[in-house]
Amino acid sequence: MTLLEAEHVKAYYSIRNSYVKAVDDVSLSVDRGAILGLAGESGCGKSTLVNTLMMNIRPPLRLIDGTIVLDGIKISEMSRSKLKKDVWGILVSIVPQSALNALMPTKKIVDFVKDIFHYHTDMSRAEIVSMVRKRFEELNLSPEILHLYPHELSGGMKQRVVIAISTLLNPKLLIVDEPTSALDVSTQKQVIKLLVDLHRAKIIESMVFVTHDLAILRQIADKIAIMYAGKIVEVASTDDILYTPLHPYTRGLVNAVMTPESEVRKRGITFIAGEPPNLLNPPSGCRFHPRCPYAKPICKEVEPPIIEVRDDRIVACHLVESFM
Ligand SMILES: Nc1ncnc2c1ncn2[C@@H]1O[C@H](COP(=O)(O)OP(=O)(O)O)[C@@H](O)[C@H]1O
Ligand code: SF4
Ligand SMILES: [Mg+2]
C-alpha cells in the first residue's frame, strides 16, 4: 500500500534564462507504515525533492512536470492556499534542513505554538496548550520547555521540540531533512529515538528521512533511495543497499560508510574521484558518467532507463546486469 506516489516529477529553479535541474524526472513512492531514507551527496537535490513531494514550492523553484498523489489526493494540482488548509501539518509535515532556526527567537515556545496552530485549526489557544503539554509528556519532553525561549535550549533539544510541534496534528507522513547533521553523536541518538518513538506510537504513519550519511539510515530506514545529480539512481531495501549495492554511485557511498575516517564519513564523500556536476548543465547520458569507473561509450550518449531488477528494487545503470 502506497501513501505517497510521485511520478515523473521535474522541479527546476528558474534563473535568468536557464534552469537548475534539481529534480529531473523522479518517480518515487513511500509505502504506508514505512521509513524511506533518501541519501546522496550535498547539492544532488534532496531538499528540493522532499519539498516538491509535499508541494512546498516557491519561486524560483517551479514544478515543471509530473504528478504527486498523497493519501489518494492529487496534491500536485492543489493551490497553495488549499495545501495550507487541508494538507500541510495534517497529511504531511516537514522538519526542514534549517529547522534549528525555525523557532522565533523573540517568542517562548508556547506562544509560537499557539500562534501557528490557532491559525491552522479551530481550537482555542487553551486547547492547543493542553494538547501540546500532553504530547510533550507522551514523548518524554518536559512540558516546562514550553515556557522557555529557543536560545535557552540546546541544539538537540530544539530539534526535538521542532519535531514534536511538527507532528502535533498526527500527519500521516513526516519528512525530516538532515535532522541530525548539525548535532553530535549522542544528541543524534536522542533525535533518532524520538523519530522512532513517533513512528512506533503511530503518531505518524510513514517517514522520509533525508541525509548524506548512509550509516544513520542503517539504524532507521526500511528502504533507501539514492539520489545523484537530480535523479534517483537506485531504490532498494536498506540491507540490499548496504550489502549488495548495484549502482556504481551507491557502491561509492557505501564504501564511504565502511571507512573508519570520520571526516570522509561526515562529508558523505565517496572514493570516487571528481565533483558532483553543475545542475545548470548536467552531463549527457548517464549523469554519473564523468566519475564512473565503469563508464562505456553508451553511458555518455544514452540516459540509462530505470530497470526493475527485482520486486521493489530499481536501478538506473546500463551495466546493471553485469553487476548482479
Ligand atoms: N533557491 C535556489 N536557487 C537556485 N538554485 C538552487 C536554489 N536552492 C538550491 N539550488 C540548487 O539546486 C541543487 C539542489 O540543491 P538541494 O536540493 O539543496 O540539494 P541537497 O539538499 O541534496 O544538498 C543545487 O545545485 C543547488 O545549488
Ligand atoms: S550507466 Fe554507465 S556511467 Fe552510469 S553508472 Fe552505469 S556504468 Fe556508470
Ligand atoms: Mg539539503
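Leu 70 stands opposite Ile 73 in β5. This pair sits in a predicted model. Strand β4 (residues 61-70) and β5 pair in the antiparallel sense, over two bridges. The protein chain holds twelve helices and twelve strands.

**The open sheet**

- Four strands make up an open sheet, in the order β2-β1-β4-β5, with antiparallel pairing.
- Its edge strands are β2 and β5 (73-74), each of which pairs on one side only.
- β1 and β2 run antiparallel and are joined by ten bridges.
- Within this pairing, Val 9 stands opposite Val 26 in β2.
- The hairpin of β1 and β2 has two residues between the strands.
- Arg 16 in that hairpin takes a positive phi near 45 degrees.

- All six of the six residues of strand β8 (residues 206-211) are buried, so the strand is largely enclosed by the rest of the structure.
- One side of β8 carries Ser 206, Val 208 and Val 210, and the other carries Met 207, Phe 209 and Thr 211.
- Both of these faces are covered.
- Strand β3 (residues 35-39) runs parallel to β8, and five bridges join them.
- Ala 39 has Thr 211 as its bridge partner in β8.
- β7 also runs parallel to β8, and five bridges join these two strands.
- Ile 175 stands opposite Val 208 in β8.

**Nonpolar core**

- The largest nonpolar core has 88 residues.
- Leu 173, Ile 175, Val 208, Ala 225 and Ile 226 touch the most other members of this core.
- Beyond its neighbours within four places in sequence, Ile 175 is in contact with Val 50, Met 54, Val 92, Ile 94 and Val 208.

- Which residues come closest to ligand 1? They are Tyr 13, Ala 22, Lys 46, Ser 47 and Thr 48.
- In total, 14 residues surround ligand 1.
- By class, this shell has seven nonpolar, six polar and one charged residues.
- β1 (2-15), β2 (18-31) and α1 (46-53) each supply at least two residues of the shell.
- The largest share comes from α1, with three residues.

**Ligand 2**

- Around ligand 2 there are 13 residues.
- Cys 286, His 289, Cys 292, Cys 299 and Cys 317 come nearest to ligand 2.
- The shell around ligand 2 has ten nonpolar, three polar and no charged residues.

- Most residues other than glycine have a negative phi, and most peptide bonds are trans.
- Pro 59 and Pro 60 are joined by a cis peptide bond, with omega about 5 degrees.
- Pro 60 has its place in the loop between α1 and β4.
- His 8 is not a glycine, yet its phi is positive, at about 50 degrees.
- His 8 is found in strand β1.
- Is His 8 buried or exposed? His 8 counts as exposed, because it has 11 C-beta neighbours inside 10 Å.
- Asp 71 also has a positive phi, near 50 degrees, in a residue other than glycine.
- Asp 71 lies in the loop between β4 and β5.
- With 16 other C-beta atoms within 10 Å, Asp 71 is partly exposed.

**Asp 184**

- Asp 184 has its place in the loop between β7 (173-177) and α6 (185-200).
- Asp 184 is exposed, because 10 other C-beta atoms lie within 10 Å.
- Asp 184 and Gly 156 are 28 residues apart along the chain, and their C-alpha atoms are separated by 8.6 Å.

**Overall dimensions**

- The protein chain has 324 residues, and 42% of them count as buried.
- Its radius of gyration is 20 Å, which agrees with the value near 20 Å for a compact globule with 324 residues.
- The C-alpha trace spans about 65 × 45 × 40 Å along its principal axes.
- Among contacts with a separation of 6 or more, 61% are between residues 24 or more positions apart.

How values were computed
Residues numbered from 1 in each chain as written. Chains lettered and ligands numbered in written order. Predicted model: local features only at pLDDT ≥ 70, side-chain atom pairs only at ≥ 80, totals over all residues. Near = placed C-beta within 6 Å. Nonpolar A, V, L, I, M, F, W, Y, C, P; charged D, E, K, R; others polar. Rg over C-alpha atoms; globule rule 2.2 N^0.38 Å. Buried ≥ 20, exposed ≤ 12 C-beta atoms within 10 Å, placed from the backbone. Contact = placed C-beta atoms within 7 Å. Core = buried A, V, L, I, M, F, W, Y, C linked by C-beta atoms within 7 Å. Pairing = 2+ DSSP bridges.
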